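The sequence and the structure come next.

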Amino acid sequence: MNREDLFDAIGGIQDRYIEEADPEQAPRRTPRLRRMRPYLSAAAGLVLVIGLALLGKNTLLRSKNSTADVAMETAAEPFAAARGMESAGAETTAGQAASGAGNEGSDGVSEDQAAGGGKIAEKEASEVAVPELTLPLEWNGECYAPTLTELAQEIPEGTVLAGSLSAEEGSEFYLSEETLAGAAVYRSAMEPYAFYVSYADGWQCYQK
């Protein structure tokens, strides 16, 4: 094919095909990805903001939990120390009690024996401290001994008032305890006479 044949071939092409092949006149198409780029950027930014917010929230919760744990441990320390002191005190008291029990055993004196001795001493002291149970009564120079170990609350019927106690020797009813002076003395109606003296806590009977 020579030049003339080529020109003839080109000249036989229709105009519409030439117009369609012209790059300047062909419509330009914008890629879909380029049109969606702003939306993708906005979506990426939103995802980033949400992620940062969730991360900050988790960090804040962990910090609060850690602070609460530390506060609870700090508040529990005094109670733990107090319980430790109470436990130590209880152990010390138990040790002292055991040591005291051992000392009592080594001395050969039991608790019952100690209690019995205390009761005997208390009884002896009460007998000495209560003169109306131990001191005799003198009536006109004759001695009448107390007969009751405990004061009575009543006296037999038929007794009559005979006088009152006095702490002066030679008086009709003499008892050497001044604090009992003035107590009323009653006498039985029949011989041998018995005398009943009225004290603050009851009656004492005196007989020969």
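Seven strands make up an open sheet with antiparallel pairing, in the order β3-β5-β6-β7-β2-β1-β4. At its edges lie β3 (160–164) and β4 (173–174), each of which pairs on one side only. Strands here are DSSP runs (E, at least two residues) numbered from the N terminus, and two strands pair if DSSP finds at least two bridges between them. Strands of a sheet pair through backbone hydrogen bonds, either parallel or antiparallel.

The model is predicted: local features need pLDDT of at least 70, side-chain atom pairs count only at pLDDT 80 or more, and totals for chains, interfaces and linings use all residues. Residues are numbered from 1 along each chain as its sequence is written, and side-chain values use heavy atoms, with hydrogens and water left out.

**Strand β7 and its partners**

Strand β7 spans residues 203–207, and four of its five residues are buried. Buried means under 20% relative accessible area, exposed over 50%, and partly exposed in between (1.4 Å probe, protein chains only). β7 is joined to strand β6 (residues 195–198) by four bridges, and the two run antiparallel. Within this pairing, Val197 has Gln204 of β7 as its bridge partner. β6 and β7 form a hairpin with four residues between them, and Gly202 in the turn has a positive phi of about 155 degrees. β7 also pairs with strand β2 (residues 142–146), in the antiparallel sense, over two bridges. Here Tyr206 in β7 stands opposite Pro146.

**Nonpolar core**

A nonpolar core is a set of buried Ala, Val, Leu, Ile, Met, Phe, Trp, Tyr and Cys residues joined through side-chain atoms within 4.5 Å. The largest one has 14 residues, of which Leu137, Leu165, Phe173, Phe195, Val197, Tyr199 and Tyr206 touch the most other members. Two or more residues of this core come from each of β1 (137–139) and β6. Contact means heavy atoms within 4.5 Å. Leaving aside neighbours within four places in sequence, Tyr199 is in contact with residues including Leu165, Tyr206, Gln204 and Glu132.

**Serines and cysteines**

Ser166 is located in the loop between β3 and β4, whereas Ser188 is in the loop between β5 (184–187) and β6. The side chain of Ser166 reaches the backbone nitrogen of Glu168 at 3.2 Å. For Ser188, a polar atom of the side chain lies 3.1 Å from the backbone oxygen of Met190. These are polar contacts (N or O atoms within 3.5 Å; within protein, one must be able to donate a hydrogen and the other to accept it, and residues adjacent in sequence count only if both atoms are side-chain atoms). Not counting residues up to four places away in sequence, Ser166 touches Ser171, Phe173, Tyr174, Leu175 and Ala181, and Ser188 touches Thr159, Tyr193 and Ala194.

| Residue | Relative accessibility | Class |
|---|---|---|
| Ser166 | 18% | buried |
| Ser188 | 14% | buried |
| Cys143 | 46% | partly exposed |
| Cys205 | 6% | buried |

A search of the whole structure finds zero disulfides, a disulfide being a pair of cysteine sulfur atoms within 2.5 Å.
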